Each structure stands twice: as structure tokens, then as C-alpha cells.
Amino acid sequence: MNRIQWRITWVLSVAAVRLLQELLSGTPVSAGCTVPPASARFLDEGLSEDSRFVSTWCTDTEVSSLWSSDFDIDAEEWRDLGFRNACDLRYPVGRFLSSLFLVRETQRIGALQGGNRKRWWNYLRENEDSGYSPKCDEGGAVQPKAKHFPEPLDSSTNLYMNLFYEHSVPSRAMTLAHEAAHEYEGHTFAFRCDPDSPSCDVEFGEDNANTNGIWFAEDLLRTYETSPPGTGTLLSVRRSTSAEGEVSCRWVPLASDRNRNRLIDESNSILTNRFVYPAEEMVYADAAAVDRAPPPYDFLGHLIGVKLPRRERVS
Ligand SMILES: [Zn+2]
């Protein structure tokens, strides 16, 4: 074996060992999985909302309750990703716990205000009982945020690094609701929807992944902070004074207005592009419009419009 052959053999062996390591342990070993990533990959802090949420949940009791709460999460897999320092937002663990916290709060406050579409926290626990695994981004034209593997495979979800750094806490939580539905319902053929939308479901309103993501977003849009935290009393603050000196008060939404507006945009894009039978957009144009309909809500009359006729097949 000459020098070049040795070199090739060595490179191939290292690659094989790394692949085997990843397959056996699930531990991210790819160079693309370096965390924290380059600063260019972080969503701007005002939008990500991680700092805002971490100050609420990051106590020892909360960390352990969020971390252990019936998800079979493997400490070894998350060890190098912030497992020992869950409140350090440079690493994925804290960012993951922020989104779990938001799902739990949406369920808790929703129950106080008359109920949500689903009890979202319980829903995740029922459908993700083999836990969540971290994965390096694969690159390529369409980089997934997450992938669920249903029984009999595993009943677990892989979470890719871009989810933690390039998506806000509310958007991450919406993804978790989407993925949990894949435990019992897969997507249909992509060509039946918009060709640019690989996650295609048949109809909005059926119990599929896209519907669940939107239902979660819809519930989150009208979830408001309580004061003191953990009670059923909505926190009301002064928001603005009109030119005539009239002070208007309103509740404080759990997700920021910026993110609520983005959730509405994201939901509208899914409603019109990711169903074989496209649905109308949400009836609320923006977060302010949601606030103008005060609780208690009519949970039978939800925020979504009516369905549209079947789309033309994309050839
Ligand atoms: Zn999906």
C-alpha cells in the first residue's frame, strides 16, 4: 500500500468510525453540529424570545420538572448540548426547554380560560414518550426542523439544530405540536399540494400534523399571562394613551406581538399551501385583532375561516 492508498484508507476509516459512533449513540458528531453555531445563525434575540422565557422557568425545580416530565430523554445524547447548564441559552437544551415551557403554559392557562383545542402538554407526552433526540443539520436544499419516527420504529422525534437557533420559541413549540401528530398520521404525497411544500396533508380540520400545528398556534395566540404566575387571574397592564388622553388596557400575551403576527403568517401559509383542499386564512389579520375579542372565548367558533374548493392538481 503506497502513501496515497494509506491516506485514503485512513480517511475512510475515520468517516466509518464517526458514522458508527453516530448510529450507535445518537450523539452529534458531525462538524455541522458545532454548538453554539456561528452568531450569524442566531435569530435576533427580540424575536427568538429565549431570554424572556428563561427568566421564568429557569429554577432548579422547573428545569428538572420540564426535563424529566415523562419524556424519555436521554441525558447522554444531550450531554454536550447544554445538559449540565440548562439555563445557558448558547446551547440547545435551554432553547428546547423554553419551547416545552411554552407548551405547558399554553395548556395550563388554556384550562383556566375554558380549554384549548387539545391539552397540548399532555398531547406531547402521549405521542413523544420515547423522547426527543438532537441531530445535526443535514444541509441540502430543504433542511428539516424535526422528524418524528412513529411506533413501531420509536415514537420519538429528532430535533435538528436549526430549530433551536433559527426559529423562535413559539415557532419551535408549534413544530413540536406538528411532530407529535406524526405518531398516528403521516403526510400525503407532496405533489398533491404546492410543489414547494413537502409537508402535505389532505384536509385542514382533520387530525393531521399541519392542522395540529395551526391549532396550537391558534390557542397560543389567545393565551395571556396570569398574575401572580400560576394563578387564573389575567395580568392586565396599560398599553397606550390615545391623543384624547384615553388610556387603553389589555392583557399581556404569552408570545410577543411580533411572534404572534408571525404565527398568523405561518399558519396562513400552511392553510393555503399545505393541504390538498386549501383552507381560508385565519379570520384575524394580526395579533391586535385577536386581542379585540376578549376572553372568555367561544371555543366552538375558532379563528379559522371556511374551506375552499379542491385545488387543481399540480402536474
Ligand atoms: Zn410533518
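# Exercises on strands and helices

Helices α10 and α11 are roughly antiparallel to each other, because their axes cross at over 145 degrees, the cut-off for that word. The model is predicted: local features need pLDDT of at least 70, side-chain atom pairs count only at pLDDT 80 or more, and totals for chains, interfaces and linings use all residues. Residues are numbered from 1 along each chain as its sequence is written.

**Exercise 1.** Describe how α10 and α11 meet.

Step 1. Helix α10 covers residues 209–221 and helix α11 residues 257–273; helices here are DSSP runs of H or I with at least four residues, and strands are E runs of at least two, numbered from the N terminus.

Step 2. The two axes come within 10 Å and cross at roughly 155°. Axes are lines fitted to C-alpha atoms, for helices over the stretch in contact, with angles from 0 to 180 degrees between N-to-C directions.

Step 3. On the α10 side the contact is made by N210, G213, I214, A217, L220 and L221, and on the α11 side by R260, L263, S267, I270 and L271. Residues are in contact if their C-beta atoms, placed from the backbone, lie within 7 Å.

**Exercise 2.** Describe the pair α6 and α7 and name the residues that touch.

Step 1. The axes of α6 (residues 92–112) and α7 (residues 120–127) come within 7 Å and cross at roughly 130°.

Step 2. V103, R104, T106 and Q107 of α6 meet W120, W121, N122 and L124 of α7.

**Exercise 3.** Work out the order of the strands in the sheet and the sense of each pairing.

Step 1. An open sheet of 3 strands has the order β1-β3-β2, with mixed pairing. Strands pair if DSSP finds at least two bridges between them.

Step 2. β1 (132–135) and β2 (146–149) are at the edges with a single partner strand each, so one side of each has no neighbour in the sheet. On average, neighbouring strands are turned by 20° against each other, direction ignored.

Step 3. β1 pairs with β3 (residues 156–160) in the parallel sense over 4 bridges; K135 has Y160 of β3 as its bridge partner.

Step 4. β2 and β3 run antiparallel and are joined by 4 bridges, with H148 opposite T157 in β3.

Step 5. β2 and β3 form a hairpin with 6 residues between them, and S155 in the turn has a positive phi of about 65°.

Notes:
Two residues are in contact if their C-beta atoms, placed from the backbone, lie within 7 Å. Angles under 35 degrees count as roughly parallel, over 145 as roughly antiparallel, 65 to 115 as roughly perpendicular and the rest as oblique.
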